[in-house]
Amino acid sequence: MTEALTRRLVTAVHEDEVDRAEALLRQGASPSAPDPDGDTPLYLAAVSGRTEMVRLLLEAGAAPDAESRGGPGSEGLPLCAAASWDHWEVVRELLAHGADPDRREDDGTSFTPLMWAAAGGHHRTARLLLEAHADPDADQGGRTPLMAAAERGSIAVVRALLRHGADPRRTDPEGRTAASIARAKCGKDLADELRERARSAPAGRCEVLRSPRPEGTELIEVTVSAPDGTAGATWQAETGHAAIVALLREHPRD
């Protein structure tokens with residue numbers, strides 16, 4: 001009976017049927033128990049950006065830091081999933097219910113939520129995590145969130161990290177600081193770089209999109225569609241590298 005309720009709850013989460021999920025929880029479905037595939041309801045709701053569903057599950061007692069162990073696309077921490085996709089309202093809900101802003105995925109061996117946000121240029125999510133006292137210098141293999149944001153060209157995330165105490169003097173295993181990483185990108189044709197990275201995707205239509213950012217920079221997206229026309233992989237960069245170099249040059253050092 002419990003397993004059947006769990007399966008039905010996961011289906012309700014997939015279909016974003018909040019009323020149905022609420023009824024199943026009242027019938028005794030566990031808000032935290034994974035289904036037989038290892039998928040937890042909270043992770044599935046978080047990765048899809050379903051704020052109301054996330055709130056329902058948390059209020060029913062779902063563990064905010066329970067790691068989902070399903071197949072590709074449904075494994076990891078709810079907070080990391082929400083941060084990586086910039087579902088900032090979900091991030092706010094998870095933090096309000098006690099999610100650890102510094103908890104790493106893959107049993108503590110992988111990215112923190114802040115690293116996901118920085119690498120993706122998600123400034124609203126990054127600010128929420130930093131305001132929840134996420135460590136601005138928590139690195140992954142010697143690479144800090146500041147370095148990730150600098151490489152992407154996200155001036156908004158760099159500003160947020162510096163405002164919350166990120167150390168621009170840190171170096172990666174190759175001896176590079178965030179400033180030198182950003183400097184190496186200045187003057188580069190970012191669209192060409194992204195197209196080169198996109199060569200790893202199956203052959204299909206390659207499209208370059210450019211859109212302005214509020215900070216005065218530009219977001220460049222390269223999307224490769226599958227041969228049948230369905231959406232494929234996307235690579236992104238922002239054009240804030242020169243501004244980041246200037247900002248880091250002016251940033252006071254102790």
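1. In this predicted model, domain 1 and domain 2 bury about 1,400 Å² between them, with 59% of that area on carbon and sulfur atoms; buried area here is the accessible area (1.4 Å probe) that two parts lose on being put together, summed over both. Of the area that domain 1 buries against domain 2, 32% is supplied by Asp86, Trp88 and Pro101, more than by any other three residues.

2. In terms of contact (heavy atoms within 4.5 Å), 19 residues of domain 1 meet 15 residues of domain 2.

3. One salt bridge, defined as a side-chain nitrogen of Lys or Arg within 4 Å of a carboxyl oxygen of Asp or Glu, is counted between domain 1 and domain 2. A salt bridge joins the side chains of Asp86 and Arg124, at 3.8 Å from N to O.

4. On the side of domain 1 that touches domain 2, the elements giving two or more residues are α5 (78-84) and α6 (88-96), where helices are DSSP runs (H or I, at least four residues) numbered from the N terminus.

5. As to the reading of these values, residues are numbered from 1 along each chain as its sequence is written, and side-chain values use heavy atoms, with hydrogens and water left out. Because the model is predicted, local features need pLDDT of at least 70 and side-chain atom pairs count only at pLDDT 80 or more, whereas totals for chains, interfaces and linings use all residues.
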